[in-house]
Amino acid sequence: MSEASSPIPSRKIELSEGVLLGIIPVLVYALGFSYESGYLSYYGIPSELISIDAPAMVRATIFGAIYAFVVLLWVSLAVDSSASKSSSEKAIGVIMVYFGLVPVLYLLSMGSAYLVVVMLLSFGLIFLMLILRRLEEKLPWLRKNSVKIYGVLEGAFLAEAKKKENLSVFERLQKAGATFFMAMMPFFLAFLAGKHGAEDDFVFDVFEREGTGELAVIRIYGDKVIVIPFYREKQEFYKQYVIFEISSLSGVVFANEHIGPLKEAEGVFSHDKTTK
């Protein structure tokens with residue numbers, strides 16, 4: 001009599017510590033590149049000139065973390081509400097994910113000032129959830145309607161995903177698209193942080209060059225100095241840039257000055273405009 005064959009255990013893909021340690025620098029580099037791309041894009045400077053160094057990685061980590069915190073606060077509120085006993089909280093969580101996440105990302109793309117707006121919205125929703133939770137305990141009609149509203153939202157967005165095991169090709173593509181979106185979000189946030197960092201910068205190293213007038217240093221990558229012409233009186237810059245070798249600027253006097261935030265000027269750069 002043959003012995004019953006034992007079931008073959010399922011294997012899980014596990015990443016070794018060496019692989020993880022190898023991935024981390026790549027991710028940090030990619031975040032740093034995204035941040036610098038966003039910063040240079042504001043001034044119309046191509047990303048091909050980027051050279052990632054330690055300061056760039058630190059900038060990306062600090063400023064990108066601020067944007068990531070705001071988005072994660074929003075997402076964590078939505079996820080935590082799904083485990084609540086209150087139907088109103090669950091309903092708000094579904095609305096935050098399916099109707100609120102894209103508007104939040106849009107607000108963040110509008111400028112760093114909207115970081116405060118999104119945070120206030122998040123804390124406002126926390127306060128609203130606390131109130132509705134207390135009211136549901138005292139008002140049966142509110143509890144009944146909250147259950148109905150959450151039932152509608154669950155049926156529209158959550159029920160099908162829970163029931164189906166074999167997904168269609170379209171549904172698999174949707175799931176893959178959502179995964180890709182979440183994977184790209186940190187780099188998108190780093191890009192936004194860089195762009196808004198450029199919008200808000202107000203202190204620059206400035207020097208004057210014969211033939212081009214006053215120039216503001218935007219970035220120094222290795223032995224290359226990237227500068228832009230600007231109009232001091234109107235705090236405007238022109239989407240043109242000049243690259244100098246550091247050795248060619250020996251003897252040049254730099255001044256660290258408050259000339260910004262700089263806004264894009266209309267028209268074409270003229271040396272006469274910067275010397276008015």
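Predicted model: local features only at pLDDT ≥ 70, side-chain atom pairs only at ≥ 80, totals over all residues.
**Exercise 1. Find the largest nonpolar core and work out which elements build it.**

Step 1. Start with the residue count: the largest nonpolar core holds 24 residues. Good places to begin looking are Y67, V71, M96, L108 and L189, which have the most contacts inside this core.

Step 2. Now turn to the elements. Two or more residues of this core come from each of α2 (54-81), α3 (87-110), α4 (114-138) and α6 (169-200). The top contributor is α2, with seven residues.

Step 3. Zoom in on V71. Leaving aside residues up to four places away in sequence, V71 touches L101, L105, L108, M185 and L189.

Step 4. Check for another core. There is a second, separate one of 20 residues, and among them are A198, I226, I228 and I259.

**Exercise 2. Describe how α2 packs against α4, from axes to side chains.**

Step 1. Two packed helices are described by the angle and the distance between their axes. Here, the axes of α2 and α4 come within 10 Å and cross at roughly 20°.

Step 2. Classify the angle. Angles under 35 degrees count as roughly parallel, and α2 and α4 are therefore roughly parallel to each other.

Step 3. List the partners. On the α2 side, the contact includes I66, Y67, F69 and W74. Facing them, α4 supplies residues including L115, V118, F123 and M129.

Step 4. Sort the contact by class. The tally is 15 nonpolar, two polar and no charged residues.

How values were computed: Residues numbered from 1 in each chain as written. Heavy atoms only, no water. Core = buried A, V, L, I, M, F, W, Y, C linked by side-chain atoms within 4.5 Å. Buried < 20%, exposed > 50% of the residue type's maximum accessible area, 1.4 Å probe, protein only. Helix = DSSP H or I, 4+ residues; strand = E, 2+ residues; numbered from the N terminus. Contact = heavy atoms within 4.5 Å. Axes fitted to C-alpha atoms, helices over the stretch in contact; angles between N-to-C directions. Parallel < 35°, antiparallel > 145°, perpendicular 65-115°, else oblique. Nonpolar A, V, L, I, M, F, W, Y, C, P; charged D, E, K, R; others polar.
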